[in-house]
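Please keep the sequence and the structure at hand while reading.

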Amino acid sequence: AQARLEEKDPQAAALGYVADSSKADAKKFPKHDNAQLCSGCALWQSKPTDAQGNCALFAGKQVSARGWCSAWAKKA
Ligand code: SF4
């Protein structure tokens, strides 16, 4: 199985990735909303029901379905 993306991974940290969307840095990311989740992001590549999944930005790692990063974009 693929490793989980760590929040301290340099690329993850650069994008403000958190495994729990509600823990996002509200000061740094004022447009963040707790309803924004990896599983509802345009870059999420796994099933909507998966707890962990792939993201187009983090090849070879798994992000949390309930995670978030500053590249979040609403799924069309
Ligand atoms: Fe999650 Fe989207 Fe950021 Fe990928 S781009 S880590 S799916 S919020």
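Which residues make up the largest nonpolar core? The core has 10 residues: Leu5, Ala12, Tyr17, Cys38, Trp44, Cys55, Phe58, Val63, Ala65 and Cys69. A nonpolar core here is a set of buried Ala, Val, Leu, Ile, Met, Phe, Trp, Tyr and Cys residues joined through side-chain atoms within 4.5 Å. Buried means under 20% relative accessible area, exposed over 50%, and partly exposed in between (1.4 Å probe, protein chains only).

The model is predicted: local features need pLDDT of at least 70, side-chain atom pairs count only at pLDDT 80 or more, and totals for chains, interfaces and linings use all residues. Residues are numbered from 1 along each chain as its sequence is written, and side-chain values use heavy atoms, with hydrogens and water left out.

**Core and cavity**

Phe58, one of the core residues, touches Leu5, Gln11, Ala12, Leu15 and Val63, not counting residues up to four places away in sequence. Contact means heavy atoms within 4.5 Å.

A search of the whole structure finds one cavity of 30 Å³ or more. The volume of the largest cavity is about 100 Å³. A cavity is a set of points, on a 1 Å grid over the protein atoms alone, where a 1.4 Å probe fits but cannot get out; lining residues have an atom within 4 Å of a point. Grid points are joined across faces, edges and corners, and a volume is the space filled by probe spheres set on the points.

What lines the largest cavity? Its lining has 13 residues, and Cys38, Cys41, Leu43, Cys55 and Cys69 lie nearest the centre. By class the lining is 13 nonpolar, no polar and no charged. Ala, Val, Leu, Ile, Met, Phe, Trp, Tyr, Cys and Pro count as nonpolar, Asp, Glu, Lys and Arg as charged, and the others, Gly among them, as polar.

**The sheet**

Three strands form an open sheet in the order S1-S3-S2, with mixed pairing. Strand S1 (3–4) and strand S2 (52–53) are the edge strands, each pairing on one side only. S1 and S3 run parallel and are joined by two bridges; Arg4 has Gln62 as its bridge partner in S3. S2 and strand S3 (residues 61–64) run antiparallel, again with two bridges. Here Gln52 is partnered by Ser64, and Gly53 stands opposite Val63. Strands are DSSP runs of E with at least two residues, helices are runs of H or I with at least four, and both are numbered from the N terminus. Two strands pair if DSSP finds at least two bridges between them.

Ser64 is found in strand S3 and is buried, with a relative accessible area of 11%. Leaving aside neighbours within four places in sequence, Ser64 is in contact with Tyr17, Ala19, Cys38, Trp44, Ala51 and Gln52.

**Outside the strands**

Gly67 is found in the segment after S3. Is Gly67 buried or exposed? Gly67 is buried, at a relative accessible area of 0%. With neighbours within four places set aside, the contacts of Gly67 are Tyr17, Val18, Ala19, Asp20, Ser21, Gln36, Leu37 and Cys38.

Ser21, one of these contacts, is placed in the loop between helix H1 (10–14) and S2. Ser21 counts as buried because its relative accessibility is 1%. Not counting residues up to four places away in sequence, Ser21 touches His32, Asp33, Asn34, Gln36, Leu37, Arg66, Gly67 and Trp68.

Trp72 also lies in the segment after S3, but counts as partly exposed at 23% relative accessibility. Beyond four places in sequence, Trp72 touches Gln36, Leu37, Gly40 and Cys41; Cys41 is also among the residues nearest the centre of the largest cavity. Pro48, in the loop between H1 and S2, counts as exposed because its relative accessibility is 65%.

The table gives C-alpha separations for residue pairs.

| Pair | Apart in sequence | C-alpha to C-alpha |
|---|---|---|
| Ser64 and Tyr17 | 47 residues | 9.8 Å |
| Trp72 and Leu57 | 15 residues | 11 Å |
| Gly67 and Lys28 | 39 residues | 16 Å |
| Pro48 and Pro30 | 18 residues | 26 Å |

Key:
On a 1 Å grid over the protein atoms alone, a cavity is a set of points where a 1.4 Å probe fits but cannot get out, and a pocket is an open set with protein on both sides within 12 Å along at least five of seven lines; lining residues have an atom within 4 Å of a point.
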